[in-house]
Amino acid sequence: MLRKFITAAAIAPFIAGAGLAQELSELEVREIHDRIFTLDTHVDIPSGYATHTLDPNTWTRLQVDLPKMRAGGLDAAFFIVYVQQRDLTGEGYATARARAEQTYQAIMRMVRANPERIALATTADEVEAIHAEGRLVALIGIENSYFMGENIEEEVPLWAARGARYAALTHFRNNQFGGSSNPDLSAGDPMGDPGLTDLGRRLVELLNDHGIMVDISHVGPQTSLEAIQMSRAPVIASHSGARAVYDHPRNLTDELLEAIRDNGGVAQMVAFRSYLRAIDPGLTAAIAELRSEFGLDQPGGWERSTPESRAAYQERVAALRAEYPDATVSDLADHIDHAVSVAGIDHVGIVSDFDGGGGVRGWDDASETPNVTAELLRRGYSEEDIAKLWGGNVLRVMRGAEAAVR
Ligand SMILES: [Zn+2]
């Protein structure tokens with residue numbers, strides 16, 4: 001089922017191959033897309049995932065589930081163990097650690113319940129083997145290593161054994177490892193990024209030792225540079241944009257893009273509206289009003305709402321987005337173009353941040369994934385280049401991380 005798949009007329013004319021101008025039909029785009037291995041490096045999962053209330057083997061309200069991955073030819077995804085940053089106290093760590101455990105178990109429930117459809121990969125070779133069998137591929141990424149507390153000597157090996165293949169040092173707010181791209185001054189974070197702490201340095205060493213890619217998305221610029229400089233393995237920025245295209249603290253400066261290139265790493269350009277371009281404040285206000293009208297701004301609001309009210313809400317959001325200028329697949333491609341011009345085609349990739357705030361017009365759930373390939377073809381990227389952007393580069397970086405294990 002190709003829901004909302006872009007029409008050939010909307011994407012023509014395509015430029016494909018070595019400067020050959022060529023019009024491609026929707027079917028031809030789909031054929032190219034299906035030949036390419038596609039890996040999305042950041043997909044969040046909500047509470048209640050893979051329970052009777054939210055079965056990822058059905059067409060759900062989520063932007064990513066197994067039917068949408070199939071429909072959109074999205075072959076693989078990093079599912080994310082995310083925890084919110086809390087205070088640097090034993091209680092804060094324990095609360096976050098419990099949350100991380102729940103999320104990890106939810107990912108494993110999804111994998112175990114659907115062994116014919118999807119499998120967990122813990123190495124780049126496993127990714128390729130599972131894909132070759134015709135199954136979808138699940139990987140695990142950690143967003144905010146905060147939950148490990150100060151117990152990283154035990155936690156890093158444990159999560160490596162569980163198959164986690166990247167770990168972001170921080171999230172919003174600084175933590176015990178270093179500075180955030182978005183420090184919270186009201187919570188006492190200093191104005192500038194203080195860089196890696198001693199514990200942060202040890203974390204980078206341990207991640208290298210255990211084959212987990214160091215993720216610098218959400219990490220402050222100084223902390224990122226220090227982590228890249230000391231990492232023995234290539235690093236990943238799992239979901240960020242290019243700061244030269246849109247000046248947002250979550251985006252990577254050209255200096256950081258160059259550092260990632262020199263380190264052999266990869267910068268994944270994210271389809272997150274508010275990182276790609278300025279969003280009309282009228283739209284932000286209208287959506288906030290809608291959320292409150294539907295009671296979705298309250299804790300547990302989604303869980304309490306009915307399928308009918310959720311559908312009505314999503315329809316109203318779509319109508320609002322159509323009223324205002326929205327970020328599109330073309331805005332995402334602008335960030336990809338810039339990152340490629342600075343870091344080179346071997347050091348850039350594509351990521352959605354679906355179910356964590358990501359999505360743009362044209363790529364607003366996994367079923368619409370061919371639209372990204374269509375836009376890259378239109379801009380003159382070859383199939384070989386698009387394959388690098390869609391996962392080839394990440395697999396190379398994973399292999400680099402595996403080779404650094406000791
Ligand atoms: Zn994030």
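Author: Helices and strands are DSSP runs, numbered from the N terminus. With these labels, Asn-114 is placed in the loop between helix H4 (90–113) and strand E5 (118–120). The model is a predicted one.

Reader: Why is Asn-114 called buried?

Author: A residue counts as buried when its relative accessible area is under 20%. Asn-114 has 4% relative accessibility, and therefore it is classed as buried. If neighbours within four places in sequence are set aside, Asn-114 is in contact with Asn-57 and Leu-66.

Reader: What makes Glu-143, His-218 and His-239 donors of the zinc ion?

Author: A donor of this metal is an N, O or S atom within 2.8 Å of it. The OE atom of Glu-143 and the NE2 atoms of His-218 and His-239 lie 2.0 to 2.2 Å from the zinc ion, so they qualify as donors. Along the chain, the donors follow the spacing E-x74-H-x20-H. Glu-143 belongs to strand E6 (residues 136–143) and His-239 to strand E9 (residues 236–240), so this pair ties together parts that are 96 residues apart in sequence. Both Glu-143 and His-239 are buried.

Reader: Why are helices H5 and H16 called oblique to each other?

Author: Angles under 35 degrees count as roughly parallel, over 145 as roughly antiparallel, 65 to 115 as roughly perpendicular, and the rest as oblique. Helix H5 (residues 124–132) and helix H16 (residues 383–403) pack at an angle of about 140°, their axes being 8 Å apart. H5 and H16 are therefore oblique. In this packing, Ala-124, Asp-125, Val-127 and Glu-128 of H5 meet Leu-395, Met-398, Arg-399 and Glu-402 of H16. By class, the contact of H5 with H16 has 4 nonpolar, no polar and 4 charged residues.

Reader: How do you know that H2 and H15 are roughly perpendicular to each other?

Author: The range for that term is 65 to 115 degrees. Helix H2 (residues 26–35) and helix H15 (residues 370–378) pack at about 105°, with 9 Å between their axes. The pair is therefore described as roughly perpendicular. H2 contributes Val-29, Arg-30, Ile-32 and His-33 to the contact, while H15 contributes Pro-370, Thr-373, Ala-374 and Leu-377. These residues divide into 5 nonpolar, 2 polar and 1 charged.

Reader: What are the domains into which the protein chain is divided?

Author: The assignment gives domain 1 (8–279 + 327–403) and domain 2 (281–326). Taken over C-alpha atoms, the centres of domain 1 and domain 2 are separated by 26 Å. Their contact takes 10 residues from domain 1 and 12 residues from domain 2.

Methods:
Residues numbered from 1 in each chain as written. Predicted model: local features only at pLDDT ≥ 70, side-chain atom pairs only at ≥ 80, totals over all residues. Heavy atoms only, no water. Helix = DSSP H or I, 4+ residues; strand = E, 2+ residues; numbered from the N terminus. Buried < 20%, exposed > 50% of the residue type's maximum accessible area, 1.4 Å probe, protein only. Contact = heavy atoms within 4.5 Å. Donors = N, O, S within 2.8 Å, 3.2 Å for Na, K, Ca; no water. Axes fitted to C-alpha atoms, helices over the stretch in contact; angles between N-to-C directions. Nonpolar A, V, L, I, M, F, W, Y, C, P; charged D, E, K, R; others polar. Domains from an automatic or database assignment.
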